[in-house]
Structures are given as C-alpha cells and as structure tokens.
Amino acid sequence: IYLYGPDSYRRREKLKEIIVKYKEKHASATVDNFYLDADGELERLKNFVVNQSLFDESRLGLVYNPPNEKEFAEFLKPFLENKNVSLIIGAEKELGKDFKFLLSKPSLSQGFKELTGVQLEAFIKKEAERRFLKLTSAVTDSLIQTNGSNAWAIINELEKISLGGQPEYTEAAYPAKAPNFFVLLNRLKSQSSLPAKISALTWLLENEEPAAVFNILASQADPDLKTKM
C-alpha cells in the first residue's frame with residue numbers, strides 16, 4: 001500500500017484507518033514501524049520480512065521516509081505477491097519512475113495533495129462535525145485565511161474550539177478577542193478586504209443588537225449607501 005503527498009494529516013488518518021481494518025482481519029498480526037532515514041532501519045526491515053515466527057499469522061510493516069532509489073524499488077517488488085508480509089509505504093513526495101509499479105494493481109495507492117478551495121472547505125466542515133462543532137462561514141473563511149492549506153494547523157484550531165478555547169486568527173481575518181464595537185463599524189466602512197469586513201459584520205450580528213448595527217451604519221453612510229441600505 002503506497003500513500004504519498006504533502007498533506008501528512010490526511011495521510012496519517014488514512015494509515016490509521018488501514019491499520020484498524022488490518023488488525024480486525026488479522027488479530028495476531030505483528031506490526032512494526034521502520035523509519036528508513038535512520039541508521040540501521042533498512043537492515044531491520046529486511047530482517048523483519050524474512051524472519052517469521054511460528055506464532056505470526058501475518059506481518060505488517062509501516063515504512064516511512066523510503067529512499068527514492070532503484071535498489072529499494074527492486075527490494076519492494078517481490079512483496080506484491082507475498083501473502084504473509086504487507087508493507088505500507090508513506091512518502092511526503094511521490095517517488096520516482098522506478099516506483100511507478102506501486103501505482104497499479106496488485107498494489108494499492110492514494111495521493112494526498114494539499115487541499116484548496118471547495119475541497120478545503122469541505123474538509124474543515126467534516127472535521128468540525130466530527131468534533132460536534134457547527135462553524136459559521138466567516139470562521140471557516142478565517143481558518144483558511146490564517147492557515148492556508150496546512151491541515152495540521154487547521155485541526156489544531158478546531159481542537160481548541162472543541163475544548164472551549166479561542167482559535168488564533170490573523171488580525172485581518174477574525175477578531176481573537178472581543179473587539180471594540182465602533183472599531184468594527186469603522187472596518188465595515190473602510191477599504192478593508194471583503195473577508196475582514198464579513199468577519200467584522202459576523203461578530204457584530206452575533207454579539208450586538210442587529211438593529212443598532214444597521215441604524216448606526218445607515219446614519220453614518222453617504223447618500224448613495226443610504227439608498228442601498
């Protein structure tokens with residue numbers, strides 16, 4: 001099984017899911033981790049795949065940081081048909097041309113690129129629901145503006161919210177502390193970015209009397225804006 005790509009959070013979640021299913025199917029399986037960027041780990045992996053105990057039903061090796069070298073690719077090929085040893089290869093970047101065989105059957109593979117746009121919004125919504133959270137669109141936008149496609153950072157903020165804490169936001173995104181009423185009103189009338197204005201308006205409507213917000217804005221608006229309001 002070949003899992004690759006820069007989104008290490010979703011890669012790890014998929015790995016955990018596979019391990020759970022594997023253990024359900026192979027109750028007495030031996031599972032071990034191999035970090036191949038450390039000295040001696042490749043030799044330990046080689047010993048793992050050949051030394052089978054009488055009590056081993058099957059063995060699962062979790063292989064991290066594999067060398068992007070033809071020699072290692074050749075080492076992996078015999079395990080495509082091995083019934084006793086399974087390997088999960090995890091890599092931050094897709095491995096080179098010598099590893100293309102991992103992208104087709106009987107190997108299983110999945111890429112995890114960093115999410116953007118609608119996919120990132122859907123990811124945040126799903127992770128929020130797992131924590132019994134219902135986020136406003138302004139908070140979701142602010143999480144994206146502050147953390148970009150960094151899934152780990154977004155999850156960290158969702159954990160804070162689920163535990164009753166306050167997430168950290170950039171100054172332009174969403175106020176981390178209760179801001180001044182008139183500061184937010186002025187932000188709505190300023191040349192601030194649209195996300196900043198939406199965030200300010202969201203906070204005002206959730207924490208202040210909406211009629212007061214509307215009337216004060218209307219009283220201070222220029223004639224053209226008053227007509228729109």
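Me: What should I know before we start?
Reply: This is a predicted model: local features need pLDDT of at least 70, side-chain atom pairs count only at pLDDT 80 or more, and totals for chains, interfaces and linings use all residues. Residues are numbered from 1 along each chain as its sequence is written, and side-chain values use heavy atoms, with hydrogens and water left out.

Me: OK, how many helices and strands does the chain have?
Reply: The chain has 10 helices and 5 strands, which are DSSP runs numbered from the N terminus (helices: H or I, at least four residues; strands: E, at least two).

Me: And how much of the chain is buried?
Reply: Of the 229 residues, 38% are buried (under 20% relative accessible area; exposed is over 50%, partly exposed in between, with a 1.4 Å probe and protein chains only).

Me: Switching topic: how do α5 and α8 cross?
Reply: The axes of α5 (residues 137–147) and α8 (residues 194–207) come within 9 Å and cross at roughly 140°. Axes are lines fitted to C-alpha atoms, for helices over the stretch in contact, and angles run from 0 to 180 degrees between N-to-C directions.

Me: Which residues make that contact?
Reply: Ala-138, Ser-142 and Gln-145 from α5, with Pro-195, Ile-198, Ser-199 and Thr-202 from α8. Contact means heavy atoms within 4.5 Å.

Me: Last one: where is Asn-33?
Reply: Asn-33 sits in strand β2 (residues 30–35), and is partly exposed, with a relative accessible area of 30%. Leaving aside neighbours within four places in sequence, Asn-33 contacts Glu-41, Arg-44, Leu-62 and Tyr-64.
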